[in-house]
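Hi,

Here is the structure I promised to pass on. Have a look at it first, and then read my notes below.

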Amino acid sequence: MTDALIAVVNDDTDFLEMMGTLLSEEGYRTVTALSSQNAYELIRRDRPDLVVLDIRMEHPASGWDLLDLIRLDPTTTAIPVLVCSADAAFLRSKADVLRAQRCETLEKPFDLDELLSRIQRMLAVDPTP
């Protein structure tokens with residue numbers, strides 16, 4: 001059992017529901033945001049141990065803008081971010097940029113065991129940039 005808090009940011013309500021259920025069953029606490037506009041304040045306020053971020057949401061720049069805000073804010077910069085997207089080609093093309101932002105990536109659809117393994121590994125890493 002863990003008490004880690006995971007923020008899930010995605011514009012798909014079914015995905016948020018599925019992630020909330022899965023992560024709760026694994027012992028994680030979760031907070032969710034359906035839009036990048038609400039997500040930044042939620043992340044600043046709740047200081048999650050990990051953010052699972054859909055990089056392409058309401059509009060193509062939404063996730064990028066949120067990631068920039070997270071990384072530029074001294075109170076949130078060290079939070080690990082797992083970037084997810086169904087656009088595999090996009091994720092691969094931006095892999096170096098995302099790595100430079102200290103993010104890991106996971107293509108949708110993903111294997112749930114892979115997701116949980118990645119989350120566990122990311123939470124075990126020292127977040128100091």
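A question to start with: is W64 buried or exposed? Keep in mind that this is a predicted model. With a relative accessibility of 17%, W64 falls under the 20% cut-off, so W64 counts as buried.

Now for the sheet. It is an open one made of 5 strands, ordered β2-β1-β3-β4-β5, with parallel pairing. The edges belong to β2 (29–33) and β5 (103–107); each has a single partner strand, so one side of each has no neighbour in the sheet. From one strand to the next, the twist averages 20°. β1 (residues 5–9) pairs with β2 over 5 bridges, and R29 in β2 is the bridge partner of L5.

Two helices to look at here: α2 (residues 36–46) lies across β1, β2 and β3 (50–54), at about 175° to β1. Helix α3 (residues 62–72) also packs on the sheet, where it touches β1, β3, β4 (81–85) and β5.

Then the aromatics. Searching the whole structure turns up 2 aromatic pairs.

F90 is buried, at 15% relative accessible area.

One more for F15: K108 lies over the face of its ring, 4.3 Å from the ring centre.

Cheers

Note on methods. Residues are numbered from 1 along each chain as its sequence is written. This is a predicted model: local features need pLDDT of at least 70, side-chain atom pairs count only at pLDDT 80 or more; totals for chains, interfaces and linings use all residues. Side-chain values use heavy atoms; hydrogens and water are left out. Two strands pair if DSSP finds at least two bridges between them. Helices (H or I, at least four residues) and strands (E, at least two) are DSSP runs, numbered from the N terminus. Axes are lines fitted to C-alpha atoms, for helices over the stretch in contact, and angles run from 0 to 180 degrees between N-to-C directions. Contact means heavy atoms within 4.5 Å. Rings of Phe, Tyr and Trp (its six-membered ring) pair if their centres lie within 6.5 Å; planes under 30 degrees apart count as stacked, over 60 as edge-to-face and the rest as tilted. Buried means under 20% relative accessible area, exposed over 50%, partly exposed in between (1.4 Å probe, protein chains only). A charge sits over a ring if NZ of Lys or CZ of Arg is within 6 Å of the ring centre and within 35 degrees of the ring normal.
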